[in-house]
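Here are my notes on the charged side-chain pairs. Please read them with the structure open.

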Amino acid sequence: MGRTYIVEETIGQYLSNLNLQGKSFVSGLLIGQCSSQKDYVILATRTPPKEENNENLKHPKDKVDNLDEEWATEHANQVSRMLPGGLLVLGVFIITTLEMGNDFQNTLRRLVFAVEKSMNKKRLWNFTEEEVSDRVTLHICSSTKKILCRTYDIHDPKSSAKPADWKYQNGLSTSWLSLECTVHINIHIPLSTTSVSYPLEKNTKNGLARWAKQIENGVYLINGQVKAEDCDLLEGQKKPRGNAQASSCSFDVRVLTQLLLNSDHRSTATVQICSGSVNLKGAVKCRAYIHSNKPKVKDAVQAVKRDILNTVADRCEILFEDLLLNEIPEKKDSEKEFHILPHRVFVPIPGSTVMLCDYKFGDESAEEIRDHFIEMLDHRIQIEDLEIAEEINTGNSMMLFKNLIRLLLRLPMRH
């Protein structure tokens, strides 16, 4: 028996309203959350059309076989940055004017694997063995309205298509639970005499990988309590009546990454000769969402962990892209270099308690953020709906420092 996809009813209307504009197909992404029993799809967004030069317009690539995987995967990478903890790109959809054969299914298969592979490269975390590894492909024929829903196991390169159920439900995400926390980041990345010559981006990513282990191994307090992993997240909560009350259910999360050692643990300090260091400092607002159908504590904590890791990694990546785009050279001979990382902005999904996010540099306008949402997610938003999660002109702005020094004393290492 295949997987079941419970889909927000408005997605069906969105897909049926997509205009092919004379093309033979249009493709896009499906966004939602996995669970052991079923998957929830709360948003669909078409991949924006690629700007073609005049030469390409003379010979348009309008056959499904010529679907631009690179462009589609780049869209998926951009969209994945806009997803808070708990949400994933669950798969891809394609709408065609005609019904297609097996060759077309191979194209869809390649696309869903390419999208997942591209996003996985950027993650600081790995999927667990218990997690669902199926990703969905949805094909809709615009002329016959026929729907074909299939899944592939992305952990198995030789995976064959399995049938899946696609079921619409009204108000699917009107009662999802939110988890929020503020994490104070102070990541110190020593640069050896060898690594000091590496690009700032490479050194930062190496340091983030080590920091990610601290976040993974941290202790998470939910509303001030440590709860058993398999415990129901809503245990002890007053059961809400109806979606209106459920929509306000939010949890405060605090993260403890350093604990007292037991007496049988040894602690040592090491001295390392270094030529410099990179520091990431500041406070970041994190947010995760989880469906309200018997949610487990372990799923909620996992969603928060991944939002912490994603938001820090994504900000660094956006900064490095900005430096490259504006051709700002690294100050190799300078003693100090610092950059302010972009701030997080949230925006609601209409008719849902779930909010998506984006990142804003200090000199970017609200109009630019709105336009980026529209381009990436194909949904109109209002500027007044933007929620600036982190104030720009405060001492808590997240910053990246690079210092050139000679000696670094490392803090005690735990064994």
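1. Start with Arg-254. This residue is exposed, at 56% relative accessible area. Here buried means under 20% relative accessible area, exposed over 50%, and partly exposed in between, with a 1.4 Å probe and protein chains only. Arg-254 forms a salt bridge with Asp-252, with the closest N and O atoms 3.6 Å apart. Asp-252 is partly exposed, at 38%.

2. A word on the basis. This is a predicted model, numbered from 1 along each chain as its sequence is written. Local features need pLDDT of at least 70, side-chain atom pairs count only at pLDDT 80 or more, totals for chains, interfaces and linings use all residues, and side-chain values use heavy atoms, leaving out hydrogens and water.

3. How many salt bridges are there? The count is 17. The rule asks for a side-chain nitrogen of Lys or Arg within 4 Å of a carboxyl oxygen of Asp or Glu.

4. Glu-321 pairs with Arg-81 in a salt bridge, closest N and O atoms 2.6 Å apart. Glu-321 sits in helix α7 (residues 297–325) and Arg-81 in helix α3 (residues 69–81), so the bridge ties together parts 240 residues apart in sequence. Helices are DSSP runs (H or I, at least four residues), numbered from the N terminus. Glu-321 is partly exposed at 35%, whereas Arg-81 is buried at 9%.

5. That pair belongs to a network. Salt bridges link Arg-81, Lys-122, Glu-317 and Glu-321.

6. Look also at Glu-116 and Arg-123. Their side chains form a salt bridge at 3.0 Å, N to O. Glu-116 is buried, at 6%. Arg-123 is buried too, at 16%.

Technical notes. Helix = DSSP H or I, 4+ residues; strand = E, 2+ residues; numbered from the N terminus.
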